[in-house]
Amino acid sequence: MPQLTKSAELFEKAKKFIPGGVNSPVRAFKSVGGTPVYMAKGSGAYLTDVDGNSYLDYVGSWGPFILGSMHPRITAALEYTLKNIGTSFGTPIEMEIEIAELLCKIVPSLEMVRMVNSGTEATMSAVRLARGYTGRDKIIKFEGCYHGHGDSFLIKAGSGALTLGAPDSPGVTKGTAMDTLNATYNDIDSVKLLVGENKGQIAAIIIEPVAGNTGVIPAKPGFLAALRELCTQEGIVLIFDEVMCGFRVALGGAQSLYGVTPDLTTMGKIIGGGLPVGAFGGKREIMERVAPLGDVYQAGTLSGNPLALTAGLETLKILIDENPYPELERKAVILEAGFSDNLKKLGLNYVQNRVGSMSCLFFTETPVVDYSTAVTADTKKHGKYFHSMLDQGIYLAPSQFEAMFISFMHTDEDLEKTIKANYNALVASGK
Ligand code: KE4
């Protein structure tokens, strides 16, 4: 049982100066209870907290650390940039061309790309671009999906919004909310109904092609292709939000895994290698509407800065050079099978959803295919499970509605340790 004295002290102090003591709500342990753990150091698959406790990290900074934290090639590249280049100029730099060209080579839908500083900026910009390009106002998202905290998305949103039970946020105007329609994930008829009721008014359909903010929910076979066909038919811009699943489930993201090409793609997390980077891109015909070439405005002081791009570029180069995906799949299968064995031994039929190295153990026996089935999960049991895993040195997302991420740095011994801890934590969560 880790002693969390310093974390508790820091949290009390933080709450004086920072709303809820955190700079992002899902970190506050609200849905699992207890004190957020203050981390002091990350290395590979491990985190060390301010009290000196060590944890196996399955959050990976919420997705960026597919290669583990502080990868030697990435830290060396950052040291070089710091010593020989600089952190930011606010001018064009060569690295911007290098990462744009590389992204266009890797991701099937990209003919042009704009770098930004977060996933939220990427999705906000992509939706504005789709509205500018089509001249239409409405968008369709999917209940439980999370696309960052842009106003248009905080209607029946996932991730922290769902975790805190606030999927619809105050402060979003009625006008904005009216332009956001929510369909049901994996239910193409629910999409067709909305499109039919709003003929010629839908600018974009935005989807996480692997939903990772309602726990993990894979798209059913044929669902993404049906969305593609509907958008083509109706002149709707199809946006794949690959901020989380991009470069995670495959080098080319979910669009390359499933062979469905969107019109626009939003990216983040992994392409920042742990520094703030986002991006949006897609068809040249659409991207040419982005200022200063086009008339759809989008901008960012630190977009394309050398320090963040260094981390992102090095991450992408390692992913290309070392192709970690088969090994990540092998490890993810070991963990999934180990958890399944434990569930069987304990007579539990909880649901595990997984795509590649992102997965979720739902505390429900209902197959989880959309928001309404995800919320059948018993969050109290999950909370007990979370704390038992934490007490055993396993750091998971402090929410039932988030993903578990395996990194290239997790060893087979780490996985065995996690499987043993999972058994104990399932017992502790109460059968
Ligand atoms: P950011 O603005 O947080 O960089 O990205 C927003 C975003 C957009 N799209 C998808 C699919 C995302 O998963 C995210 C952010 N993911 C959450 C974790 N589920 C970030 C964690 C947090 O909010 O602290």
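Author: A pocket here is an open set of points on a 1 Å grid over the protein atoms alone, where a 1.4 Å probe fits, with protein on both sides within 12 Å along at least five of seven lines; lining residues have an atom within 4 Å of a point. The model is predicted: local features need pLDDT of at least 70 and side-chain atom pairs pLDDT 80 or more, whereas totals for chains, interfaces and linings use all residues. Residues are numbered from 1 along each chain as its sequence is written, and side-chain values use heavy atoms, with hydrogens and water left out.

The lining of this pocket comprises 28 residues, and Glu96, Val113, Arg114, Met115 and Ala291 lie nearest the centre. Helix H3 (94–106) and strand S4 (112–116) are the elements that give two or more residues to the lining; helices (H or I, at least four residues) and strands (E, at least two) are DSSP runs, numbered from the N terminus. By class, the lining has 16 nonpolar, nine polar and three charged residues, where Ala, Val, Leu, Ile, Met, Phe, Trp, Tyr, Cys and Pro count as nonpolar, Asp, Glu, Lys and Arg as charged, and the others, Gly among them, as polar.

Turning to the cores, the largest nonpolar core has 66 residues, and those touching the most other members include Tyr58, Phe247 and Leu426. Such a core is a set of buried Ala, Val, Leu, Ile, Met, Phe, Trp, Tyr and Cys residues joined through side-chain atoms within 4.5 Å, buried meaning under 20% relative accessible area (1.4 Å probe, protein chains only). Helix H11 (residues 306–322) supplies its largest share, eight residues. Because domain 1 (5–66 + 324–429) and domain 2 (72–322) both give residues to this core, it lies between them; the bounds come from an automatic or database domain assignment.

The structure also holds seven aromatic pairs, that is, Phe, Tyr or Trp rings (for Trp, the six-membered ring) with centres within 6.5 Å, stacked under 30 degrees between planes, edge-to-face over 60 and tilted otherwise. Phe142 and Phe223 form an edge-to-face pair, 5.9 Å centre to centre with 80° between the planes. Phe142 lies in strand S5 (residues 138–142) and Phe223 in helix H8 (residues 223–234), so the pair ties together parts 81 residues apart in sequence.

Notes
Buried < 20%, exposed > 50% of the residue type's maximum accessible area, 1.4 Å probe, protein only.
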